[in-house]
Amino acid sequence: GVSSGSEHSRVMFKGLISGVEKEFIRYSASGIELNAFEQDIDTKISSSNTDGLFTLDASDDSIGIGGAPDTNTAKLQVTDDGTKAFTLMLESTDDDANNGPVLALWRNSPSPADSDKVGAIDFRFENDAGSRHEGGLIEVRLADITGATEDTRMFFKNLKAGVLIDTLTLKESEVVVNDEQRDINFRCESNNNAEMLRVDAG
């Protein structure tokens with residue numbers, strides 16, 4: 001605008017990529033934009049100890065913190081080299097009795113259906129050959145999406161002989177151990193007895 005007292009301006013930083021002029025940074029009244037025209041231009045911020053502490057991979061639509069993100073792996077990847085006590089910390093300074101901090105996994109589906117997987121926590125590791133595997137999984141599924149009578153089921157899975165199996169299942173009407181009928185024993189200890197209750201699956 002050019003009205004007195006309400007003037008706006010833009011400052012744009014451009015450069016050549018393969019002989020073509022591209023805009024890298026734009027300052028305007030609405031804010032600071034990087035790569036405003038959605039070009040294949042990555043963004044990198046380095047610290048004194050890490051090259052690319054924050055990396056936005058434009059072609060992969062992904063962000064890496066702690067290093068460049070792996071291709072086709074995650075929207076946000078946080079990499080930790082073990083120098084910090086935690087890879088991720090969520091802190092709440094709320095001083096009332098409400099929950100905090102809160103981590104929410106929201107399956108915002110426009111067409112939910114029974115048996116939909118709501119969300120999961122996936123534990124990954126590398127074996128001695130360097131291959132990446134699922135080591136365990138906590139997963140929630142919809143059992144009934146009918147309004148006011150919704151039911152969910154929670155599955156706890158772990159790896160046995162290279163296969164991910166359901167070890168514990170929390171259903172709407174029961175708690176099931178070894179729902180897939182695998183050769184997995186069940187044992188409960190008491191104060192003085194290591195096998196107060198034992199079910200031999202074999």
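In strand E3, Ile32 is the bridge partner of Tyr27. Strands here are DSSP runs of E with at least two residues, numbered from the N terminus. The model is predicted: local features need pLDDT of at least 70, side-chain atom pairs count only at pLDDT 80 or more, and totals for chains, interfaces and linings use all residues. Residues are numbered from 1 along each chain as its sequence is written, and side-chain values use heavy atoms, with hydrogens and water left out.

Strand E2 covers residues 20–28 and pairs with E3 in the antiparallel sense over four bridges. Two strands count as paired if DSSP finds at least two bridges between them. Strands of a sheet pair through backbone hydrogen bonds, either parallel or antiparallel. Here the sheet is open, has three strands in the order E1-E2-E3, and its pairing is antiparallel. Strand E1 (11–17) and strand E3 (31–34) are the edges, each pairing on one side only. From one strand to the next, the twist averages 20°; axes are lines fitted to C-alpha atoms, and angles run from 0 to 180 degrees between N-to-C directions.

Tyr27 also takes part in an aromatic contact. The structure holds one aromatic pair. The ring centres of Phe13 and Tyr27 lie 5.9 Å apart with the planes at 65°, so the pair is edge-to-face. Rings of Phe, Tyr and Trp (its six-membered ring) pair if their centres lie within 6.5 Å; planes under 30 degrees apart are stacked, over 60 edge-to-face, and the rest tilted. Phe13 lies in strand E1 and Tyr27 in strand E2, so the pair ties together parts 14 residues apart in sequence. Both residues are partly exposed: Phe13 has a relative accessible area of 44%, and Tyr27 has 38%. Buried means under 20%, exposed over 50%, and partly exposed in between (1.4 Å probe, protein chains only).

Now the backbone. Most residues other than glycine have a negative phi, and most peptide bonds are trans. Asn35, in the loop between E3 and strand E4 (43–45), has a positive phi near 55°. Asn35 is buried, at 15% relative accessible area. Ala161 also has a positive phi, about 55°. Ala161 lies in the loop between strand E10 (151–160) and strand E11 (163–170) and is exposed, at 79%. The peptide bond from Gly100 to Pro101 is cis, with omega near -5°. Pro101 belongs to the loop between strand E7 (76–78) and strand E8 (117–126).
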